[in-house]
Amino acid sequence: MLNKFETLETIVRTGALLIARLDSADEAYRVAEAAIDGGIRAVEVPLTVPGAVGVIGRLADKYGDQGIVVGAGTVLDAEAAYASISAGARLLVSPQLNPKMIATANRYQVVTASGAFTPTEVLNTLEAGADIVKLFPAELGGPAYVKTILAPLPQAPVMPSGGVGPTNVGDWFAAGVTAVGVGSFVTKAAREDGDYGRVAKAARTFLAAIEDARR
């Protein structure tokens, strides 16, 4: 199982976090498997997914020793944080700032990506001890907003979540983000015909776009 440094390094190196926010535990698991086959190395299963903790446990059992970051999303409090960590999560993601969630994660040396939007929220998130600032909802500001935020706060490791795809990922990295969260472009690629090979293909396309953006 990855330690905290290795978890953070994996996210930063690949630049991508898959957000498997789907309608069922089975779909979330199958999408995560296919995306990992396509090169994704960090997966977040939001706790809004039915049976999410079980999915996290299955993924951690299968991939925990293979350098894959298995994380929990929509972790709103310390209780959800502990349950997710107990299931095997090495990353906790929240849409908002909850210092007790971050404290629980730090106690067990698990990486946190805590939600923020305004400059005050970004700074409060950093001061609370989060490892990554999840810019949410990212669609409201776009890359130009990130660039504005990072002008006075260049030390903030920002990860936008929402509306990120291969056509605009270059703009996000040009604005200075550390990594990006990707959802529908990858997670819903198999919805048309149930072919999860499309998920793996979408993952490869997205990761190639990140590589191009970083050159």
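Predicted model: local features only at pLDDT ≥ 70, side-chain atom pairs only at ≥ 80, totals over all residues.
Residues are numbered from 1 along each chain as its sequence is written, and side-chain values use heavy atoms, with hydrogens and water left out. Helices (H or I, at least four residues) and strands (E, at least two) are DSSP runs, numbered from the N terminus.

**The sheet**

- There's an open sheet of 8 strands here, with parallel pairing and the order β7-β6-β5-β4-β3-β2-β1-β8; two strands pair if DSSP finds at least two bridges between them.
- At the edges sit β7 (158-160) and β8 (180-182), each pairing on one side only.
- From one strand to the next, the twist averages 25°.
- Strands β5 (residues 111-116) and β6 (residues 132-135) run parallel and are joined by 4 bridges; Ala 113 has Ile 132 of β6 as its bridge partner.
- Strand β3 (residues 69-73) also runs parallel to β4, with 2 bridges joining them, and Gly 71 has Leu 91 in β4 as its bridge partner.
- Strand β4 (residues 91-94) is covered on both faces: Leu 91 and Val 93 on one side, and Leu 92 and Ser 94 on the other, are all buried (buried means under 20% relative accessible area, exposed over 50%, partly exposed in between, with a 1.4 Å probe and protein chains only).

**Helix packing**

- Helix α4 (residues 78-87) and helix α5 (residues 99-107) have axes that come within 8 Å and cross at roughly 30°; axes are lines fitted to C-alpha atoms, for helices over the stretch in contact, and angles run from 0 to 180 degrees between N-to-C directions.
- That angle makes α4 roughly parallel to α5 (under 35 degrees counts as roughly parallel, over 145 as roughly antiparallel, 65 to 115 as roughly perpendicular and the rest as oblique).
- On the α4 side, the contact uses Ala 78, Ala 81, Tyr 82 and Ile 85, and on the α5 side Lys 100, Met 101, Thr 104 and Ala 105; contact means heavy atoms within 4.5 Å.
- By type, the residues of the α4 and α5 contact split into 6 nonpolar, 1 polar and 1 charged (Ala, Val, Leu, Ile, Met, Phe, Trp, Tyr, Cys and Pro count as nonpolar, Asp, Glu, Lys and Arg as charged, and the others, Gly among them, as polar).
- Helix α3 (residues 52-63) and α4 also have axes that come within 8 Å and cross at roughly 30°, which makes α3 roughly parallel to α4.
- Here Val 53, Ile 56, Gly 57 and Ala 60 of α3 meet Ala 83, Ser 84 and Ala 87 of α4, a set of 5 nonpolar, 2 polar and no charged residues.

- Thr 74 isn't a glycine, yet it has a positive phi of about 55°; Thr 74 lies in the loop between β3 and α4 and is buried, with a relative accessible area of 18%.
- Gln 109 isn't a glycine either and has a positive phi of about 55°; Gln 109 lies in the loop between α5 and β5 and is partly exposed at 43% relative accessible area.
- The peptide bond from Phe 136 to Pro 137 is cis, with omega near -5°, and Pro 137 is in the loop between β6 and α7 (142-150).

**A pair across the chain**

- Asp 212, in helix α10 (residues 197-214), counts as partly exposed at 45% relative accessibility.
- The C-alpha atoms of Asp 212 and Gly 170 are separated by 7.6 Å, with the residues 42 apart along the chain.
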